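Here is a short briefing on one protein chain. Please look over the sequence and the model before reading on.

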Amino acid sequence: MGRKRKKFRRHRGMRLFYKILSVILALAAILTGTVLFFQVEHIEVSGNEKYSAEQILTAANVSEKANLILLPQGRIQNDLLTSLPYLSSVKICRRFPTTLQIHLTESKPISAIACDDTWCLLSEEGKILEQVDESLAQTYIEIIGLPLLTPTVGQLIQVAPEDIARRDSLTNLLAALADKDLLSKVSLIDFSTPNEIKMNYDNRLTVDFLVGADFPRKLRILLKASALIDENAIGTFDLRADCAYFRAN
């Protein structure tokens, strides 16, 4: 009887061993198939205007024959955003069995601000896109009176603690102008006066705001008020209070 029990246990142990071995072999077969059959053969890039497809692929560091399943999406996105400052978002999609798609969104330069001995082009969010000379900077909205700390291409502008409210007002004002399609009417935004903002509008009007204002609301007031004056009038709209006050030059 004892021998039969030992033999039974031995057979049961062997069956368990073969089951485990079968699972391991199956997993190995799946992994091998994955590596062999899901290799990148086509890479599609969309949404790029500033950068060529070759620049995108070089920065992404993805070669054909790489494994589509095992591709590190996070690493690819980080490499692209770090290497190419005009990119604002990157989406990686796998299209099995052999296609990798890279969808991009690029930032647009909206304004220019003095940084060191040159000028920095800024996106709506306040990201430094590139450094340019003064002649090119003049084709964008000029920002003055807001000193920067260690301006770095590809990074958001950094300011001293006492200037954070003014920096936030800049990005909020640019966003409000973009939302109402008014960026082309603005040539200068001046932060030189403490707690105030002066904006050159339509090449004939100065608009005064307070730092931290509700800019979407203020721009609605400006549009209504400017429609009530002569289209060639030159002067200042004071929007620091709840109403708009116009003072002709």
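D117 sits in the loop between β4 and β5. This residue is exposed, because its relative accessible area of 85% is over the 50% cut-off. D117 and E134 are separated by 17 residues in sequence, and their C-alpha atoms lie 9.7 Å apart. The model is a predicted one.

**The sheet**

- Nine strands form an open sheet with mixed pairing. Their order is β6-β5-β4-β7-β8-β9-β10-β11-β12.
- The edges are β6 (128–132) and β12 (245–248). Each has a single partner strand, so one side of each is left without a neighbour in the sheet.
- On average, neighbouring strands of this sheet are turned by 25° against each other, direction ignored.

**Strand β8 and its partners**

- Strand β8 spans residues 186–190. The strand is mostly covered, with four of its five residues buried.
- On one pairing, β8 runs parallel to strand β7 (residues 141–144), joined by three bridges. I144 has D190 in β8 as its bridge partner.
- The pairing of β8 with strand β9 (residues 196–201) is antiparallel and has four bridges. Here I189 is bridged to M199 in β9.

**Helices on the sheet**

- Helix α5 packs on the sheet. The helix touches β4 (111–115), β5 (118–122), β7, β8, β9 and β10 (205–210). The direction of α5 makes about 160° with that of β8.
- Helix α6 also packs on the sheet, where it touches β9, β10 and β11 (235–238). The direction of α6 makes about 150° with that of β10.

**Helix against helix**

- How do α5 and α6 pack, and at what angle? Helix α5 (residues 164–179) and helix α6 (residues 215–226) meet at about 50°, and their axes are 9 Å apart.
- The two helices are therefore oblique to each other.
- The crossing of α5 over α6 is right-handed.
- From α5, the contact takes in S169, N172, L173, A176 and L177. From α6, it takes in F215, P216 and L219.
- By class, this contact of α5 with α6 has six nonpolar residues, two polar ones and no charged ones.

**Backbone exceptions**

- Most peptide bonds are trans, and most residues other than glycine have a negative phi. The residues below depart from one or the other pattern.
- The peptide bond between F96 and P97 is cis, with omega about 15°. P97 belongs to the loop between β2 (87–95) and β3 (99–106).
- T150 has a positive phi, near 40°, and is not a glycine. Where is T150 found? T150 is in the loop between β7 and α5.
- Is T150 buried or exposed? T150 counts as exposed, because its relative accessibility is 66%.
- N195 is not a glycine either, yet its phi is positive, at about 65°. The loop between β8 and β9 holds N195.
- N195 has 58% relative accessibility, so it counts as exposed.

Technical notes: Residues numbered from 1 in each chain as written. Predicted model: local features only at pLDDT ≥ 70, side-chain atom pairs only at ≥ 80, totals over all residues. Heavy atoms only, no water. Axes fitted to C-alpha atoms, helices over the stretch in contact; angles between N-to-C directions. Parallel < 35°, antiparallel > 145°, perpendicular 65-115°, else oblique. Left-handed = near helix turned anticlockwise from the far one by under 90°. Contact = heavy atoms within 4.5 Å. Nonpolar A, V, L, I, M, F, W, Y, C, P; charged D, E, K, R; others polar. Buried < 20%, exposed > 50% of the residue type's maximum accessible area, 1.4 Å probe, protein only. Pairing = 2+ DSSP bridges.
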